[in-house]
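Please keep the sequence and the structure in view while reading.

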Amino acid sequence: MSKRILLLPLVVFALLLASCGNSSSGNSYSTTSSNNAQASSKPTATPTSSSSSQTSGEVIKTTKATVNGSSQVILTNAQGMTLYYFTPDTATTSACTDSCASTWPPAFFDGTGVVPHVSSLQGTFSLLDTSSKKQIAYNGHPLYTYAGDSAAGQTNGEGIGGKWFVATSTLKAQSAPQTPSSKNGY
(Lines give C-alpha, C1' and ligand atoms only; values in the text may rest on other atoms or scores of the structure.)
Protein backbone atom coordinates (compact mmCIF):
# COMPACT_ATOMS: atom_id res chain seq x y z
CA MET A 1 0.00 0.00 0.00
CA SER A 2 2.75 2.46 0.91
CA LYS A 3 4.54 1.75 -2.40
CA ARG A 4 1.39 2.68 -4.30
CA ILE A 5 1.11 5.94 -2.40
CA LEU A 6 4.73 6.77 -3.23
CA LEU A 7 4.31 5.87 -6.91
CA LEU A 8 1.13 7.92 -7.40
CA PRO A 9 2.87 11.35 -7.29
CA LEU A 10 5.55 10.08 -9.67
CA VAL A 11 2.96 8.86 -12.16
CA VAL A 12 1.05 12.16 -11.95
CA PHE A 13 4.27 14.13 -12.42
CA ALA A 14 5.26 12.00 -15.43
CA LEU A 15 1.84 12.56 -17.02
CA LEU A 16 2.08 16.32 -16.44
CA LEU A 17 5.58 16.41 -17.85
CA ALA A 18 4.52 14.45 -20.92
CA SER A 19 1.60 16.79 -21.58
CA CYS A 20 3.84 19.87 -21.31
CA GLY A 21 6.26 18.51 -23.89
CA ASN A 22 3.65 18.31 -26.65
CA SER A 23 4.02 21.46 -28.72
CA SER A 24 3.21 22.57 -32.21
CA SER A 25 5.85 23.80 -34.60
CA GLY A 26 3.36 25.74 -36.70
CA ASN A 27 2.06 29.24 -36.17
CA SER A 28 -1.59 28.17 -36.02
CA TYR A 29 -2.74 26.78 -32.73
CA SER A 30 -5.65 26.52 -30.38
CA THR A 31 -5.37 26.25 -26.65
CA THR A 32 -8.78 24.76 -26.08
CA SER A 33 -8.89 21.12 -25.14
CA SER A 34 -11.72 18.63 -25.14
CA ASN A 35 -10.04 16.17 -22.80
CA ASN A 36 -10.28 18.05 -19.51
CA ALA A 37 -12.91 19.82 -17.49
CA GLN A 38 -11.08 23.16 -17.58
CA ALA A 39 -11.26 23.49 -21.36
CA SER A 40 -14.01 26.10 -21.26
CA SER A 41 -11.86 28.48 -19.20
CA LYS A 42 -8.91 28.35 -21.61
CA PRO A 43 -8.78 30.89 -24.41
CA THR A 44 -8.39 30.21 -28.08
CA ALA A 45 -5.30 31.94 -29.40
CA THR A 46 -5.01 33.26 -32.92
CA PRO A 47 -1.59 34.62 -33.85
CA THR A 48 -1.60 38.08 -35.40
CA SER A 49 1.95 37.89 -36.67
CA SER A 50 2.59 36.63 -40.18
CA SER A 51 3.24 32.96 -40.86
CA SER A 52 6.76 33.80 -42.01
CA SER A 53 7.58 35.24 -38.58
CA GLN A 54 8.87 31.90 -37.33
CA THR A 55 12.00 32.40 -39.37
CA SER A 56 12.22 36.14 -38.66
CA GLY A 57 13.75 35.67 -35.21
CA GLU A 58 11.04 37.64 -33.38
CA VAL A 59 11.41 37.22 -29.65
CA ILE A 60 8.14 39.00 -28.84
CA LYS A 61 4.94 38.30 -30.77
CA THR A 62 1.26 39.06 -30.33
CA THR A 63 -1.89 36.98 -30.36
CA LYS A 64 -5.54 37.46 -29.48
CA ALA A 65 -6.77 35.84 -26.30
CA THR A 66 -9.64 36.20 -23.88
CA VAL A 67 -8.60 38.11 -20.77
CA ASN A 68 -11.28 38.68 -18.12
CA GLY A 69 -13.99 37.88 -20.68
CA SER A 70 -12.69 40.36 -23.26
CA SER A 71 -10.74 39.66 -26.45
CA GLN A 72 -7.34 41.36 -26.15
CA VAL A 73 -4.14 41.53 -28.19
CA ILE A 74 -1.56 40.10 -25.80
CA LEU A 75 2.21 39.80 -25.88
CA THR A 76 3.76 36.33 -26.17
CA ASN A 77 7.24 34.94 -26.38
CA ALA A 78 8.51 33.24 -29.55
CA GLN A 79 6.83 29.97 -28.47
CA GLY A 80 3.44 31.69 -28.08
CA MET A 81 3.43 31.62 -24.27
CA THR A 82 1.64 34.57 -22.67
CA LEU A 83 3.78 37.30 -21.13
CA TYR A 84 2.86 38.95 -17.84
CA TYR A 85 3.96 41.93 -15.78
CA PHE A 86 4.24 42.25 -11.99
CA THR A 87 2.95 45.47 -10.40
CA PRO A 88 5.67 45.70 -7.66
CA ASP A 89 8.34 45.94 -10.42
CA THR A 90 9.73 49.31 -11.42
CA ALA A 91 11.06 50.37 -14.80
CA THR A 92 14.58 49.64 -13.56
CA THR A 93 14.14 46.74 -11.11
CA SER A 94 12.52 43.32 -11.15
CA ALA A 95 10.89 42.50 -7.81
CA CYS A 96 10.36 38.82 -8.72
CA THR A 97 13.50 36.89 -7.81
CA ASP A 98 14.52 33.51 -6.37
CA SER A 99 11.47 31.27 -5.74
CA CYS A 100 9.16 33.80 -7.39
CA ALA A 101 11.14 33.43 -10.62
CA SER A 102 10.55 29.67 -10.53
CA THR A 103 6.81 30.21 -10.89
CA TRP A 104 7.16 33.34 -13.02
CA PRO A 105 10.23 32.81 -15.23
CA PRO A 106 11.57 36.12 -16.56
CA ALA A 107 11.57 36.68 -20.32
CA PHE A 108 15.25 36.95 -21.22
CA PHE A 109 16.97 38.16 -24.38
CA ASP A 110 20.36 36.67 -25.21
CA GLY A 111 21.10 38.88 -28.19
CA THR A 112 22.39 42.40 -28.51
CA GLY A 113 20.69 45.56 -29.67
CA VAL A 114 16.94 45.95 -30.07
CA VAL A 115 14.63 43.12 -28.96
CA PRO A 116 13.17 41.58 -32.16
CA HIS A 117 9.40 41.95 -32.08
CA VAL A 118 6.39 42.14 -34.39
CA SER A 119 6.18 45.53 -36.06
CA SER A 120 2.57 46.07 -34.94
CA LEU A 121 3.71 46.79 -31.37
CA GLN A 122 3.95 50.53 -30.84
CA GLY A 123 5.44 50.42 -27.35
CA THR A 124 9.06 50.63 -26.27
CA PHE A 125 11.24 47.64 -25.47
CA SER A 126 14.18 47.81 -23.10
CA LEU A 127 16.45 45.39 -21.28
CA LEU A 128 17.05 45.15 -17.53
CA ASP A 129 20.43 43.84 -16.49
CA THR A 130 19.94 41.06 -13.97
CA SER A 131 22.70 39.12 -12.26
CA SER A 132 23.48 37.05 -15.35
CA LYS A 133 21.03 37.85 -18.16
CA LYS A 134 19.01 40.64 -19.72
CA GLN A 135 15.28 40.68 -18.92
CA ILE A 136 12.92 42.09 -21.55
CA ALA A 137 10.70 45.00 -20.51
CA TYR A 138 7.80 46.48 -22.48
CA ASN A 139 6.92 50.12 -21.77
CA GLY A 140 8.99 49.89 -18.59
CA HIS A 141 7.36 46.66 -17.33
CA PRO A 142 9.68 43.63 -16.95
CA LEU A 143 8.06 40.61 -18.63
CA TYR A 144 7.56 37.05 -17.37
CA THR A 145 5.89 33.80 -18.40
CA TYR A 146 3.80 31.76 -15.94
CA ALA A 147 4.53 28.14 -15.02
CA GLY A 148 0.77 27.55 -14.72
CA ASP A 149 0.27 28.12 -18.46
CA SER A 150 0.82 24.79 -20.18
CA ALA A 151 -0.06 25.81 -23.74
CA ALA A 152 0.34 28.78 -26.03
CA GLY A 153 -2.19 31.58 -25.52
CA GLN A 154 -3.36 30.54 -22.04
CA THR A 155 -3.85 33.39 -19.56
CA ASN A 156 -4.08 31.42 -16.30
CA GLY A 157 -1.82 33.89 -14.46
CA GLU A 158 -4.10 36.90 -14.99
CA GLY A 159 -4.89 38.67 -11.70
CA ILE A 160 -3.01 36.26 -9.41
CA GLY A 161 -2.47 37.90 -6.05
CA GLY A 162 -3.85 41.12 -7.51
CA LYS A 163 -0.30 41.81 -8.78
CA TRP A 164 0.18 39.70 -11.92
CA PHE A 165 -1.43 40.76 -15.20
CA VAL A 166 -1.31 39.80 -18.85
CA ALA A 167 0.88 42.17 -20.87
CA THR A 168 -1.32 43.60 -23.62
CA SER A 169 -0.29 45.63 -26.64
CA THR A 170 -1.86 48.68 -24.97
CA LEU A 171 0.06 48.36 -21.68
CA LYS A 172 0.69 51.87 -20.39
CA ALA A 173 4.26 53.01 -19.92
CA GLN A 174 5.78 52.82 -16.48
CA SER A 175 8.34 55.50 -15.77
CA ALA A 176 11.56 55.14 -13.84
CA PRO A 177 11.23 55.90 -10.13
CA GLN A 178 11.54 59.59 -9.41
CA THR A 179 13.88 60.91 -6.75
CA PRO A 180 11.96 63.04 -4.27
CA SER A 181 12.74 66.72 -4.40
CA SER A 182 13.62 68.62 -1.26
CA LYS A 183 11.00 70.83 0.37
CA ASN A 184 13.08 73.95 -0.30
CA GLY A 185 13.55 73.25 -3.99
CA TYR A 186 17.32 72.78 -3.64
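The model is predicted. The protein chain has 186 residues, of which 34% count as buried. Its secondary structure consists of two helices and nine strands.

**Overall architecture**

- Along the sequence, the elements of the protein chain occur in the order α-β-β-β-β-α-β-β-β-β-β.
- Among contacts in the protein chain with a separation of 6 or more, 60% join residues 24 or more positions apart.
- The protein chain has an accessible surface of about 11300 Å². Carbon and sulfur atoms contribute 55% of that surface.

**Nonpolar cores**

- In soluble globular proteins, nonpolar side chains tend to be buried together.
- The largest nonpolar core contains 16 residues. Ile-60, Leu-75, Phe-125, Ile-136 and Leu-143 are the residues with the most contacts inside this core.
- Which residues does Ile-60 contact, leaving aside its neighbours within four places in sequence? They are Leu-75, Thr-76, Leu-83, Val-115, Pro-116, His-117, Val-118, Leu-121, Phe-125, Ile-136 and Leu-143.
- There is also a second, separate core of eleven residues, and its members include Ile-74, Phe-86, Tyr-144 and Trp-164.

**Phe-86 and Thr-87**

- Phe-86 belongs to strand β4, which covers residues 84-86. Thr-87 lies in the loop between β4 and α2.
- Is Phe-86 buried or exposed? Phe-86 is buried, because its relative accessible area is 12%, and the limit for buried is under 20%.
- Thr-87, by contrast, is partly exposed, with a relative accessible area of 38%.
- Not counting residues up to four places away in sequence, Phe-86 touches Ala-95, Cys-96, Tyr-144, Lys-163 and Trp-164. Tyr-144 and Trp-164 are also among the members of the second core.
- The C-alpha atoms of Phe-86 and Cys-96 are 7.7 Å apart, and the two residues are ten residues apart in sequence.
- Thr-87 and Trp-164 are 77 residues apart in sequence, while their C-alpha atoms are 6.6 Å apart in space.
- Beyond its neighbours within four places in sequence, Thr-87 is in contact with Gly-162, Lys-163 and Phe-165.

**The second largest pocket**

- Rolling a probe the size of a water molecule over the atoms shows where empty space is left.
- The second largest pocket holds about 160 Å³ of space.
- The residues that line this pocket are Ser-94, Cys-96, Thr-97, Asp-98, Ala-101, Pro-106, Phe-108, Thr-130, Ser-131, Ser-132, Lys-133 and Gln-135.
- How many nonpolar, polar and charged residues does the lining of the second largest pocket have? The lining has four nonpolar, six polar and two charged residues.
- Asp-98, one of the lining residues, is located in the loop between β4 and α2, a helix that spans residues 99-103.
- Asp-98 is exposed because its relative accessible area is 68%, and exposed means over 50%.
- Although Asp-98 is not a glycine, its phi is positive, at about 50°.

**The loop between β7 and β8**

- Strand β7 covers residues 134-138, and Asn-139 lies in the loop that connects β7 with β8. Gly-140 is placed in the loop between β7 and β8 as well.
- Asn-139 has a positive phi of about 50°, although it is not a glycine.
- Asn-139 counts as buried at 13% relative accessibility, and Gly-140 counts as buried at 11%.
- Gly-140 and Phe-125 are 15 residues apart along the chain, and 7.6 Å separates their C-alpha atoms. Phe-125 is one of the residues with the most contacts inside the largest core.

- Where is Thr-145 placed? Thr-145 is in the loop between β8 (141-142) and β9 (164-166).
- Thr-145 has 16% relative accessibility and therefore counts as buried.
- Leaving aside its neighbours within four places in sequence, Thr-145 is in contact with Asn-77, Met-81, Thr-82, Leu-83, Tyr-84, Thr-103, Trp-104 and Pro-105.

Methods: Residues are numbered from 1 along each chain as its sequence is written. This is a predicted model: local features need pLDDT of at least 70, side-chain atom pairs count only at pLDDT 80 or more; totals for chains, interfaces and linings use all residues. Side-chain values use heavy atoms; hydrogens and water are left out. On a 1 Å grid over the protein atoms alone, a cavity is a set of points where a 1.4 Å probe fits but cannot get out, and a pocket is an open set with protein on both sides within 12 Å along at least five of seven lines; lining residues have an atom within 4 Å of a point. Grid points are joined across faces, edges and corners, and a volume is the space filled by probe spheres set on the points. Ala, Val, Leu, Ile, Met, Phe, Trp, Tyr, Cys and Pro count as nonpolar, Asp, Glu, Lys and Arg as charged, and the others, Gly among them, as polar. A nonpolar core is a set of buried Ala, Val, Leu, Ile, Met, Phe, Trp, Tyr and Cys residues joined through side-chain atoms within 4.5 Å. Buried means under 20% relative accessible area, exposed over 50%, partly exposed in between (1.4 Å probe, protein chains only). Contact means heavy atoms within 4.5 Å. Helices (H or I, at least four residues) and strands (E, at least two) are DSSP runs, numbered from the N terminus. Accessible areas come from the Shrake-Rupley method with a 1.4 Å probe; for residues, only the protein chains shown count as cover.
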